[in-house]
Amino acid sequence: MNDNQLKALISLLDDDDREVVEHVEQQIRQMGGQMIPFLESEWEGSFNPELQKRIEEIIHDLQYESVLDRMRDWKNGGGMDLLEGLWIVATYQYPDLSLAKLRQDVEQLYYDAWVDFKPDMHPDEQIKAMNSAFFSKLKFAPNTKHFHSPANSMINQVLESRRGNPITLCILYMLIAKRLNLPVYGVNLPNLFVLTYKNSSGVQFYINVFNRGLVFTTKDIDQYIDQLNIKRLETFYQPCTNADIVRRVLRNLTLAFEKNGDTERVREVEQILNAVRDDGDGLPLSDYTQR
């Protein structure tokens, strides 16, 4: 169909015959995301609230299917680009969000931090400089006032507000550190996401970004796990994958919507989580509380 034919097809959503409307809606859904600009144009030119509501529902469903498709493709492609995975999550609520713009924003954070680094720094000095850049210069901080807000799981919102939950703060800290060639990785602790510094010389320690980059040791993790009265697992001490990180962000987003009583969004985010889930995937949802 050409543009005029597509516009004519969409105009039939306002037909008096319900069967015609249902058939047209089915056709539009089959055509996918390419129909969104035409639907938006029809919505803007309509004075019928029922038609506008119908169009809004179709647009949402098409955008949602696009998120699911992108997430499956990202996971099946190996999940190599963490920022892309976080971008896909954010497009659930911000469908027009630009991945290129996100990359530019993170690159700017790197440049702002880079000026404080020297190539021969000791690991301890590297993390001190990283903490100074991240918290003092770039002004990132925990979002303690709105800890359960869904915005804490949206990378674009955290970049804008400079406030986030443990995992989104860790993600941005890690993305900057990676650009600085620091061996910093995510670690899936129960109830709290942290980072580990682990280099090829055998140096390893941990960083609690939510507590302004507090450095701690393996023994501290031992004590933490013992206090929770759960079994010590290797995954609590070693780097996790990008897919692990995206899954945990999605779990947090699910819990945030549960707190808000938004059952429809809970259902939808759970489906996105299923698109990126592995068999035998990690801990139960209850062990990953909003952190």
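Start with an aromatic cluster: select Phe 134, Phe 135, Phe 140 and Tyr 173, which form one cluster. Rings of Phe, Tyr and Trp (its six-membered ring) pair here if their centres lie within 6.5 Å; planes under 30 degrees apart count as stacked, over 60 as edge-to-face and the rest as tilted.

A word on the model before moving on. It is predicted: local features need pLDDT of at least 70, side-chain atom pairs count only at pLDDT 80 or more, and totals for chains, interfaces and linings use all residues. Residues are numbered from 1 along each chain as its sequence is written, and side-chain values use heavy atoms, with hydrogens and water left out.

**Aromatic pairs**

The structure holds 9 aromatic pairs. Phe 147 lies in the loop between β1 (141–142) and α8 (155–161), and Phe 210 in the loop between β5 (204–208) and β6 (214–216), so the pair ties together parts that are 63 residues apart in sequence. Helices (H or I, at least four residues) and strands (E, at least two) are DSSP runs, numbered from the N terminus. Is Phe 147 buried or exposed? Phe 147 counts as buried, at 15% relative accessibility. Buried means under 20% relative accessible area, exposed over 50%, partly exposed in between (1.4 Å probe, protein chains only).

Next, select Arg 179 and Tyr 110. The charged end of Arg 179 sits over the Tyr 110 ring, 4.0 Å from its centre. The cut-offs: NZ of Lys or CZ of Arg within 6 Å of the ring centre and within 35 degrees of the ring normal.

**The sheet**

Switch to cartoon view. An open sheet of 4 strands runs in the order β3-β4-β5-β6, with antiparallel pairing. Its edge strands are β3 (184–189) and β6, each pairing on one side only. Two strands pair if DSSP finds at least two bridges between them. Antiparallel β5 and β6 are joined by 3 bridges. Select Asn 208 to find Leu 214 of β6 opposite.

**A helix with a buried face**

Finish at α3 (residues 36–44). Which residues of helix α3 are buried? They are Ile 36, Phe 38 and Leu 39. Seen down the α3 axis, the buried residues fall within an arc of 160°, so they line one face of the helix. The arc is that of the directions from the helix axis to the C-beta atoms. The cover over them includes α1 (3–11), α2 (18–31) and α4 (49–76), where contact means heavy atoms within 4.5 Å.
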